[in-house]
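Here is a short note for a first look at this model. Please read the points in order, with the structure open beside them.

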Amino acid sequence: MEKDIRFLVTNKCNYNCVFCHNEGQEKVIPDKELDVEDYLFLFKMFKKTTGYSGVTISGGEPFTFRNIDNLLKVLFEEGAKITVVTNGALLDRHFEALKYVNRINVSIHSLDAKNYDAITQTTDKLGKVQENLKYISQHFKNLEIRLVEDNTPNFFG
């Protein structure tokens, strides 16, 4: 298995999961976050020193990162094999950029919509995630989708 470098691109998230303590969210200062050029530099150094080209993009929710589409594009153009770890709810805003991604790992906290909403403290997001995954599976045949079963205890039933 090829080694990846992992970029935690943001602490921000569009969910407010009951088990997450939102570490660092209130302290996010956009002009203090790394830029696309910084991540590209880090990737080039990793690739040059290790020979590996795998990159895993995570967060918080990486699709809340202000320049995520451009980051995916420049890493792809540099030869990166990209995995994105996501909750899946924002994928529809970034379908165009998914052509640069090899795999998405989607964290699913429950397949029961009521439990999902309670855990994520959102409304009707599971349906949105399901719609996004259906669209991706129909339109991005080469994009590997992994559903990551969350081992979070079922607090709600």
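1. Some terms first. Buried means under 20% relative accessible area, exposed means over 50%, and partly exposed lies in between (1.4 Å probe, protein chains only). This is a predicted model: local features need pLDDT of at least 70, side-chain atom pairs count only at pLDDT 80 or more, and totals for chains, interfaces and linings use all residues. Residues are numbered from 1 along each chain as its sequence is written, and side-chain values use heavy atoms, without hydrogens and water.

2. Look at Gln 121. Its phi is positive, about 55 degrees, although Gln 121 is not a glycine. Most residues other than glycine have a negative phi. Gln 121 sits in the loop between α3 (113-120) and α4 (125-139). Helices (H or I, at least four residues) and strands (E, at least two) are DSSP runs, numbered from the N terminus. Gln 121 counts as partly exposed, at 46% relative accessibility.

3. Asp 124 also lies in the loop between α3 and α4. Its phi is positive too, near 55 degrees, and Asp 124 is not a glycine. Asp 124 is exposed, with a relative accessible area of 60%.

4. Now turn to α1. In this helix, Val 36, Tyr 39, Leu 40, Phe 43 and Phe 46 are buried. Seen down the axis of α1, the buried residues fall within an arc of 125 degrees, so they line one face of the helix. The arc is that of the directions from the helix axis to the C-beta atoms. On the other side of α1, Glu 37, Phe 41, Lys 48 and Thr 49 are exposed.

5. What follows α1? Gly 51 does, with a positive phi near 85 degrees.
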